[in-house]
Amino acid sequence: MKIRRCSVLWLEPREVAHFDLDALLAGGTGVASEMQWFAHAPQLPAEVEIDAAEAQVLGSLSPTDWVERKAIPLENAELAALLAEGLLVTDDAGFRAQRNTDDRFRAQRWHGLASVWHAASRWSGLDAASEVEEAGVHTADGLRDAHGPPPPAFHARGDAEQRIPLARSARTGLDDLFDARTTCRNFDTSRELPQAQFAQLLERVFGARGELNAADDYDVLKKTSPSGGALHPTEAYLIVQHVEGIAPGLYHYRAGDHALQPLPAVDDLRRLAFLAVAGQQWFANAHVLVVLAPRFGRTFWKYRNHPKAYRVTILDVGHLSQTLLLSATELGLGAYITAAINEVDIERAFGLTGFIDGPLAVCGFGIRAEEMKTFELRSDRREDALPRP
């Protein structure tokens, strides 16, 4: 049996506190702490608690060079546990699934630290909106009381007397569009979004405007948003809820031919929408939710194991979201973007793999409700402060 370490591994020594009655009776605080080791591998569903001896072995093994079983100072049961978790991989057929997962991850060419961050920041089943409300930080006063004053809105540098005033430019229609853009939290769920608006927005934001064959098997796309290396890795996966002529369900938008690909149905579409945006019901009500999920391998094909590559995919999602919000505003629709999402639940619903094509954010758009039940910072309203309790 030949063995090596999994492709990327972060070994974390963590101080864990627990209650100690004997320490309390002896006059202490009753709180005792100890160091524990946790192994983080981005292709695994969760961190793995290990002991110090296992940490030492994992830290000594190469992710590329194979060694024989006899070179690893662990008992058979301990070794089998690490192989079963996928922290170690082997040529033994009994652990083929773990090695296949590691091989798939290696093929993506992630930068190690970026991959650990990406994996560790994913949520599953979290109702973030309720947690914020329970903590009392869902209002301006609550935030101020809990955290103190925020850093100032405008950042000052240098001597104020040396500042050079700039002339104000004449307004254009683009300024009006920028000013009208806002995050929508109130959608009219009683009305269907016209299919023509739905199609126009998808084409304008995600559709391919041009295609160039740069080399054999290497096509470069032109879209309305910039993308690092002109690679445009981000796919749009849709939760369609209220669109004229489109059955509610899950879809993948095909940018090349401007078409929808139906995906397998889920039992409860409304529940998925709620989970997707981590309990933010005001966002879950959108006529259409768009999951922005880069195919990391497309960007990492060029920027291999690069420390900036993951940042490029995040920028890609940001560019697309701004184009979506402005396009929706021009059509008179409401729109939003949120990164407070349950990535794991979204991946399960759409058949995605987090380290291959994982979601980074969710946008939504639809018909804006006439009545503002959930507060928004809108330029067409007199309310210009966050809600108070």
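Strands E10 and E11 form a hairpin with four residues between them. Helices (H or I, at least four residues) and strands (E, at least two) are DSSP runs, numbered from the N terminus. Histidine 258, in the turn of this hairpin, has a positive phi of about 50 degrees. E10 covers residues 249-254 and E11 covers residues 259-262; the two run antiparallel and are joined by four bridges. Two strands count as paired if DSSP finds at least two bridges between them. Histidine 252 has glutamine 261 in E11 as its bridge partner.

The model is predicted: local features need pLDDT of at least 70, side-chain atom pairs count only at pLDDT 80 or more, and totals for chains, interfaces and linings use all residues. Residues are numbered from 1 along each chain as its sequence is written, and side-chain values use heavy atoms, with hydrogens and water left out.

The secondary structure of the chain comes to 15 helices and 14 strands. The C-alpha trace spans about 75 × 70 × 55 Å along its principal axes. Of the 389 residues, 41% are buried (under 20% relative accessible area; exposed is over 50%, partly exposed in between; 1.4 Å probe, protein chains only). Among contacts (heavy atoms within 4.5 Å) with a separation of 6 or more, 69% link residues 24 or more positions apart. The accessible surface (Shrake-Rupley method, 1.4 Å probe) comes to about 21600 Å². Carbon and sulfur atoms contribute 52% of that surface.

An open sheet of three strands has the order E2-E3-E4, and its pairing is antiparallel. Its edge strands, E2 (10-19) and E4 (48-50), each pair on one side only. Neighbouring strands are turned by 45 degrees against each other on average, direction ignored. Axes here are lines fitted to C-alpha atoms, for helices over the stretch in contact; angles run from 0 to 180 degrees between N-to-C directions. Ten bridges join E2 to E3 (residues 31-40). Helix H2 (residues 52-60) lies across E2, E3 and E4. H2 runs at about 105 degrees to E4.

In H5 (residues 112-120), the buried residues include Ala114, Ser115, Val116, His118 and Ala119.
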